[in-house]
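Welcome, and please take a moment with the sequence and the model below. A short briefing follows, grouped by topic.

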Amino acid sequence: MNSNDPNYSPLRDVAQNPEATARYLADVQRVLLDIGKNLETLALETRVHLRGTNVEGDRWYHARLRAMPVEKALGNVLKNLNNLTEGLEKSAYKRRAHDESVVNTAKDRKEKEIERQRKKNPPTLQAAPTPPQQGAQNQNSGYGGPTSIYDLGKRESA
């Protein structure tokens, strides 16, 4: 695509590359965090000014009560800004995870297909002759382990 194309979007290239997406989202997050610092300063200065504004006949808490809606609104803006920056970070991780999942999906499908084929057509094994076992009691006993504590040394592993 070129910039003369009416459908060209520079973010299309960014969206197609997880590293470019992460860089772009990090830049946006950086800008938003800078704005957040300014908004925090504004909220503190507004609080000091509004709580210091008294009208004749006020009690000590009236200025504070009048300032609370403004402080709450600025606080909500800051909270939403923090949620936005966290969401940007999370989406960068999700974008990278998506590409890894796409890469692994083909491999997983291939492995599952091999497993399905193996289950459908199990390999036929040639039965190897078994060596004669000592003692008739081990031939068909239910558990096949030692029968007493003194037989532990003669135990055969599976």
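In which helix does Gln29 lie? Gln29 lies in helix H2, where helices are DSSP runs of H or I with at least four residues, numbered from the N terminus. Please note that this is a predicted model, in which local features need pLDDT of at least 70 and side-chain atom pairs count only at pLDDT 80 or more, while totals for chains, interfaces and linings use all residues. Residues are numbered from 1 along each chain as its sequence is written, and side-chain values use heavy atoms, leaving out hydrogens and water.

**Gln29**
- Beyond its neighbours within four places in sequence, Gln29 is in contact with Thr85, Leu88 and Glu89, contact meaning heavy atoms within 4.5 Å.
- A polar atom of the Gln29 side chain lies 3.2 Å from the backbone oxygen of Thr85.

**Helix packing**
- Helix H2 (residues 18-52) packs with helix H3 (residues 62-120) at an angle of about 170 degrees, their axes 10 Å apart; axes are lines fitted to C-alpha atoms over the stretch in contact, and angles run from 0 to 180 degrees between N-to-C directions.
- That makes H2 roughly antiparallel to H3 (over 145 degrees).

**Aromatic pair**
- The whole structure holds 1 aromatic pair, which requires ring centres of Phe, Tyr or Trp (its six-membered ring) within 6.5 Å.
- The rings of Trp60 and Tyr61 have centres 5.5 Å apart and planes at 85 degrees, so the pair is edge-to-face (over 60 degrees).

How values were computed: Helix = DSSP H or I, 4+ residues; strand = E, 2+ residues; numbered from the N terminus. Parallel < 35°, antiparallel > 145°, perpendicular 65-115°, else oblique. Phe/Tyr/Trp six-rings, centres within 6.5 Å; stacked < 30°, edge-to-face > 60°. Polar contact = N/O pair within 3.5 Å; in protein donor to acceptor, adjacent residues only side chain to side chain.
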